[in-house]
Amino acid sequence: MDIKDVEDLYVSCKSDLFGYLLRILHNKQDAEDLLHECFVRFIRASPSLPQDRIRFYLMRIAKNLAVDLIIKLKKMEDYILRKEQVYYHWGVPDFEIQEEVDRILLMASNTEQRRYFSPRIFHKRNG
């Protein structure tokens, strides 16, 4: 697929993809960002798909990007809420300790690691 084909594909699919992303995200800026990221991912993958499957492939990329963004935003929102709750209920030293614990837990790459670290950190803090 050459650059002209990609440009034609962008022109023909952008409004459908943008509308799809906007319905999922309810945020115009995020939908625009993911629309562009969708085409970047498509170009990088350079799949050899039949012409009638390209639109479906782009929609799948868009959906996956939107789901990833929603998960990321939810995690950030949860982190901020926990941080605010800790700040209002604890003294400054406790808040700093909890902030460091949260930072360590966020570095853990999966839930298994978080489950392993969380009780040990809490036990050392309170023991």
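The following legends describe close-up views of a predicted model.

**View 1. The two cysteines, Cys 13 and Cys 38.** With a disulfide requiring cysteine sulfur atoms within 2.5 Å, the count for this model comes to 0 disulfides. Cys 13 is in no disulfide, and the nearest cysteine sulfur to its own, that of Cys 38, is 8.9 Å away. Cys 38 is likewise in no disulfide, its nearest cysteine sulfur being that of Cys 13. Because buried means under 20% relative accessible area, Cys 13 counts as buried at 2% relative accessibility, and Cys 38 counts as buried at 1%.

**View 2. The largest nonpolar core.** This core holds 18 residues, of which Leu 9, Leu 17, Leu 21, Leu 34, Cys 38, Phe 39 and Leu 58 touch the most other members. Helix H1 (3-25), helix H2 (28-45) and helix H3 (51-89) each supply at least two residues of the core, and the largest share, 7 residues, comes from H3.

**View 3. The surroundings of Phe 39.** When residues up to four places away in sequence are not counted, Phe 39 touches Leu 9, Tyr 10, Cys 13, Leu 17 and Leu 58.

**View 4. The packing of H1 against H2.** The two helices pack at an angle of about 135°, with their axes 9 Å apart, and H1 and H2 are therefore oblique to each other. H1 passes H2 in a right-handed crossing. Among the H1 residues that meet H2 are Val 6, Leu 9, Tyr 10, Cys 13, Lys 14 and Leu 17, while the H2 residues that meet H1 include Lys 28, Asp 30, Leu 34, His 36, Cys 38, Phe 39 and Phe 42.

Conventions: Residues numbered from 1 in each chain as written. Predicted model: local features only at pLDDT ≥ 70, side-chain atom pairs only at ≥ 80, totals over all residues. Heavy atoms only, no water. Buried < 20%, exposed > 50% of the residue type's maximum accessible area, 1.4 Å probe, protein only. Core = buried A, V, L, I, M, F, W, Y, C linked by side-chain atoms within 4.5 Å. Helix = DSSP H or I, 4+ residues; strand = E, 2+ residues; numbered from the N terminus. Contact = heavy atoms within 4.5 Å. Axes fitted to C-alpha atoms, helices over the stretch in contact; angles between N-to-C directions. Parallel < 35°, antiparallel > 145°, perpendicular 65-115°, else oblique. Left-handed = near helix turned anticlockwise from the far one by under 90°.
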